[in-house]
Structure formats: structure tokens, C-alpha cells
Amino acid sequence: MKWEKKGHEFDAIGYLLKDKKNIFIYGAGESSKELIKLLEKIHCWTNWKIFLVDSDQKKQEEGVDGYV
């Protein structure tokens with residue numbers, strides 16, 4: 001796949017999420033970590049609060065990569 005607008009690959013996602021205040025990610029595994037990295041690249045990141053939801057008690061208490 002070749003991107004048409006290099007450096008703006010995630011603009012559409014950012015536009016859809018720009019008015020959101022909270023982002024809930026279900027599962028705190030490797031996929032969630034990758035998703036967080038992706039979200040960190042989106043322009044309006046600072047307006048959001050990220051929540052991880054997971055059934056693993058340890059992850060609930062300790063969080064993952066600074067997110068609970």
C-alpha cells in the first residue's frame with residue numbers, strides 16, 4: 001500500500017476522534033500498546049484521557065505503559 005499523503009496517514013482517525021474526551025481500550029495486551037503508540041501520533045492527543053479495560057487483576061492495579 002502506498003500512502004497518498006505521506007505524514008498524514010492518520011489524519012482521518014484523528015478527525016473522527018477530535019471531539020472525544022475519553023478513549024476506552026478493551027484489553028491491555030500488545031495490540032493495545034500498539035494502538036496507544038498510534039494514538040500518540042495523532043495531533044489532538046492532549047485532549048483525551050485513555051482508559052485500559054482488562055480482566056487481568058494485575059494489569060488493573062499496575063496499569064500498562066503508564067495507563068490504567
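Phenylalanine 51 is partly exposed, at a relative accessible area of 25%; here buried means under 20% relative accessible area, exposed over 50%, and partly exposed in between, with a 1.4 Å probe and protein chains only. The model is predicted, so local features need pLDDT of at least 70 and side-chain atom pairs count only at pLDDT 80 or more, while totals for chains, interfaces and linings use all residues. Residues are numbered from 1 along each chain as its sequence is written, and side-chain values use heavy atoms, with hydrogens and water left out.

The protein has three helices and two strands, in the order α-β-α-β-α from the N terminus. Helices (H or I, at least four residues) and strands (E, at least two) are DSSP runs, numbered from the N terminus. Of the 68 residues, 25% are buried. Contact means heavy atoms within 4.5 Å; among contacts with a separation of 6 or more, 62% are between residues 24 or more positions apart.

The two strands are E1 (residues 22–26) and E2 (residues 49–53), which run parallel and are joined by five bridges. Strands count as paired if DSSP finds at least two bridges between them. In a regular strand the side chains alternate between the two faces of the sheet.

One aromatic pair is found in a search of the whole structure. It is formed by phenylalanine 24 and phenylalanine 51, which are stacked at 4.8 Å centre to centre with 15 degrees between the planes. Phenylalanine 24 lies in E1 and phenylalanine 51 in E2, 27 residues apart, and the pair thus links distant parts of the chain. Rings of Phe, Tyr and Trp (its six-membered ring) pair if their centres lie within 6.5 Å; planes under 30 degrees apart count as stacked, over 60 as edge-to-face and the rest as tilted. Phenylalanine 24 is partly exposed, with a relative accessible area of 45%.

Valine 53 is partly exposed, at 33% relative accessible area.

Helix H2 (residues 30–40) contains serine 32. This serine 32 is buried, with a relative accessible area of 7%. Leaving aside residues up to four places away in sequence, serine 32 touches Ile25, Tyr26, Gly27 and Leu52.
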